[in-house]
Structure formats: structure tokens, C-alpha cells
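Hi everyone, thanks for making time today. Let me put the model up, and then we can walk through it together.

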Amino acid sequence: MNPVPMVGRADELREIVGQWARVVSGDLSGPGMVVLTGHPGVGKSRLVAAAVETLDPRPATVLAGTARLHSPAPYDWLAAVLSGRDMRTLPVPADGLAWLAQESQAPIERYAPDALLRLAVRTVRALVGDGPAVLVVEDLHALDPASLSLLAELAAAPRLPVLLIVTSQPAEAAVARHLVARTLARLSGVPNAIRQHLGPLAPEFVTEILTAAHPGLADADRLGERVWQRTGGNPYLLSELLAITAGRGVEALESLPADAGPEEAVELTARELQVLECLAAGMSNKQVAKSLDISIRTVAVHVSNLLRKTGSSSRTEAALWAVKRP
Ligand SMILES: Nc1ncnc2c1ncn2[C@@H]1O[C@H](COP(=O)(O)OP(=O)(O)OP(=O)(O)O)[C@@H](O)[C@H]1O
Ligand SMILES: [Mg+2]
């Protein structure tokens, strides 16, 4: 459910769709690369979701995974992709797959890192098949080093019929900032790669969102300008402001004191509260997914939102926040 229309990203969307056309027509010798960076909440995930929905022809396969924020484990991206998939038909040894899928009953015997990397590439190739497929890698800045190596391999892989869309916060935000910077540079250096850095929304797009949320809004431009100043044009902060003032009429957007940023009033959705309870109980994303009967990917989105809303730097901190709140 997303009542707010996506605004202001038409050029970016067109470019991504154009890259898909190149992949489909077989013009590229390797993957069609899209590297999308931007600050938290600027709309990277939203753009990717819109792009994937827009692709024509529909991709035969979409492999999507998000980094496990703040507690990355080896091959997090691939583990997210493999989660819930039938792996029996994959031409990869079962014990290797168990490692890659981060299964708790994975055998003690470890694979050498290189061998595991080759298995990971083989697994992705098998999942892609004849393609064309879309690979979505969200939040590269938070990925583990093994996943980054896998990405670098895939980026250089010949005859891989995929559109590879990567999102990342700027490398400075990463813990392993040099490694992340190097990976981003490498991915951006793939022939014909598309590199997009998303900036804040311009005032007219903030106005457009306000008008969509409050049809018939009088003096929309002036209010849009004020709200733009308030939110810095960050769509996440804007959506929070709208959520906080929902049901209160447009005056509420005006009547909030100028220094009360939306981030000061933490309001969690019912689902986020449930996820938070699970985190406080020490559950992994997989356990949360099972317990609430939602996908791991959805859990990851909720956890990411929770960290952002509670200003926590880890899930443990978010859980503590939950315990301490009145
Ligand atoms: N162009 C847009 N128009 C309208 N709403 C948007 C737009 N971009 C993002 N939003 C809304 O803003 C919020 C944050 O967007 P999103 O999750 O895509 O940000 P992000 O860049 O992926 O952030 P993060 O780095 O934390 O993952 C979402 O609620 C999303 O629907
Ligand atoms: Mg995102």
C-alpha cells in the first residue's frame, strides 16, 4: 500500500528501462548494470520497485535481496535470494548450497573461499538460466565482503543475460567504506553501466505529493515550498510528516512548530510494532518472517524502517528502544 505517487524520477526510470531493452536485445556482452546511490530515504528502493514493475517484456526471473543491516553474514544477498526457493534442481552440491543459503544445519567442513565463490556464481547462473533476468541488490553499503566479491564476479561475467540493479548509500556511510567504494567504482566501470545519484526532490514535486495527499489544496505552491524546506525534499521525511499529520487536515502541516522535524515524533505502524517485538525477543529475520507469515524481504524492509525511525544503529539497539519506551 502506497498512497503517495512516485514523482520526479521520470528520467531515471526511462534510463533503467532503456538498459533493460539492451539486455533483452542481447546488445551487451555482459550484464546491463545500473548503480543507484543516494542518502537514506531519498527513494532508491522506490525507484527500483517502480522500474522492475515497468519492465517490458516482463523479466523471466527476478532475483532480489537486501543486505542484512548491521549484522551482515557471508553471502547475505544470495542467502536472501535462495530463501524459500526449491534448491534441489540446482546443479550445485547440496553442502555448498547449505553454506550459501546460510542454513543452520550446514556441514562443519568449510569450503575454501574461492571454491565457494565459484559455487555462488554457478548458483546465480543456474537461477538466471536463459534469462533475461533482473538481479536486484539493495543496500550494497551494508553487504558482507563475500557478497561484494560475488557482485564483482557477476559484473564481469560474460554472456550473463541480466539487468543488475544495485542500490547503495554513499560509500562514506559504510562500515567497510574502502571496500564499498572500490566495489561501486568497479560496478560503475562495467561497459555501458548506468550510474545514478539520486538527490532530494525539487519543491514542485513536494507540492505534487502534497496535492495528491490533500486534493483541492489551496495555495499549494506556498505550502509545498515550506514543506520542502522542512524536509529538505527527502521523500521519506515527507512521508513521515504526512503520516503524522494524517487525518488532521492540511492545517496540521502548517501548524507544526518550524523546528519540529518529523523524525522527532516516532510513530510506528502496527506491523512495525510486531516486528519490533520479535526483535526484542532476539529473533532473526528468518524467524520473524515465519512468525508473522511474511517474506524475509518484507521483514528486512520493516527492520530498516525501524532502525531509521528509532534512530538505532543496530537491531539490538532498536530492541532496547522498544523495552525502554513508555
Ligand atoms: N519519488 C518519490 N515520490 C514519492 N514518494 C517517494 C519517492 N521516493 C521515495 N518515496 C517514498 O519515500 C520513502 C523512502 O523511500 P525509499 O525507501 O525508496 O528510500 P531509500 O533511498 O531506499 O532509503 P534507504 O537508503 O533507507 O533504503 C518511501 O515511503 C517511499 O515510498
Ligand atoms: Mg532502500
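Let's begin with strand E5, residues 194–197: its covered face carries Ile194 and Gln196, and its uncovered face carries Arg195 and His197. In a regular strand the side chains alternate between the two faces of the sheet. Helices (H or I, at least four residues) and strands (E, at least two) are DSSP runs here, numbered from the N terminus.

A quick word on the ground rules. This is a predicted model, so local features need pLDDT of at least 70 and side-chain atom pairs count only at pLDDT 80 or more, while totals for chains, interfaces and linings use all residues. Residues are numbered from 1 along each chain as its sequence is written, chains are lettered from A and ligands numbered from 1 in the order in which they are written, and side-chain values use heavy atoms, with hydrogens and water left out.

Back to E5. Which way does it pair with E1, residues 32–37? In the parallel sense, over 4 bridges; two strands pair if DSSP finds at least two bridges between them. Val34, for instance, has Ile194 as its bridge partner in E5.

Staying on E1, have a look at Thr37, which is found in that strand. Thr37 has a relative accessible area of 3%, so it is buried. Buried means under 20% relative accessible area, exposed over 50%, and partly exposed in between (1.4 Å probe, protein chains only). The side chain of Thr37 makes polar contacts with two side chains, that of His197 at 2.8 Å and that of Arg195 at 3.0 Å. By polar contact I mean a pair of N or O atoms within 3.5 Å; within protein, one must be able to donate a hydrogen and the other to accept it, and residues adjacent in sequence count only if both atoms are side-chain atoms. Thr37 and Leu198 are 161 residues apart in sequence, yet their C-alpha atoms are 6.2 Å apart in space. Setting aside neighbours within four places in sequence, the contacts of Thr37 (heavy atoms within 4.5 Å) include Lys44, Ser168, Leu184 and Gln196.

Gly38 sits in the loop between E1 and helix H2, residues 44–54. Is Gly38 buried or exposed? Its relative accessibility is 0%, so it counts as buried. Beyond four places in sequence, Gly38 touches Lys44, Ser168, Gln169, Pro170, His197 and Leu198. With Pro170, the C-alpha separation is 6.1 Å across 132 residues of chain.

On to the ligand. How many residues surround ligand 1? There are 21, and Gly41, Lys44, Ser45, Arg46 and Arg308 come nearest; a residue is near if one of its heavy atoms lies within 4 Å. H2 and helix H10, residues 235–245, each supply at least two residues of that shell. Oxygen atoms of ligand 1 lie 2.8 Å from an N or O atom in the side chain of Ser45, 3.1 Å from one in the side chain of Gln169, and 3.5 Å from a polar backbone atom of Tyr236. The protein covers 89% of the 630 Å² of accessible area that ligand 1 has on its own, by the Shrake-Rupley method with a 1.4 Å probe; for residues, only the protein chains shown count as cover.

His141 lies in the loop between E3 and H6, and with 10% relative accessibility it counts as buried.

Asp144 is in that loop too, between strand E3 (133–138) and helix H6 (145–155). Asp144 counts as buried because its relative accessibility is 3%. Its side chain caps the N-terminal end of H6, with an oxygen 3.2 Å from the backbone nitrogen of Ala146. A polar atom of the Asp144 side chain also lies 2.9 Å from the backbone nitrogen of Tyr75, and that side chain reaches the backbone nitrogen of Asp76 at 3.1 Å.

And why is H6 largely enclosed by the rest of the structure? Because 8 of its 11 residues are buried. Among them are Ala146, Leu148, Leu151 and Ala155. The buried residues of H6 pack against E1, helix H3 (76–82), helix H5 (113–128), E3, strand E4 (162–168) and helix H7 (177–188).

That's my tour, and I'm happy to take questions.
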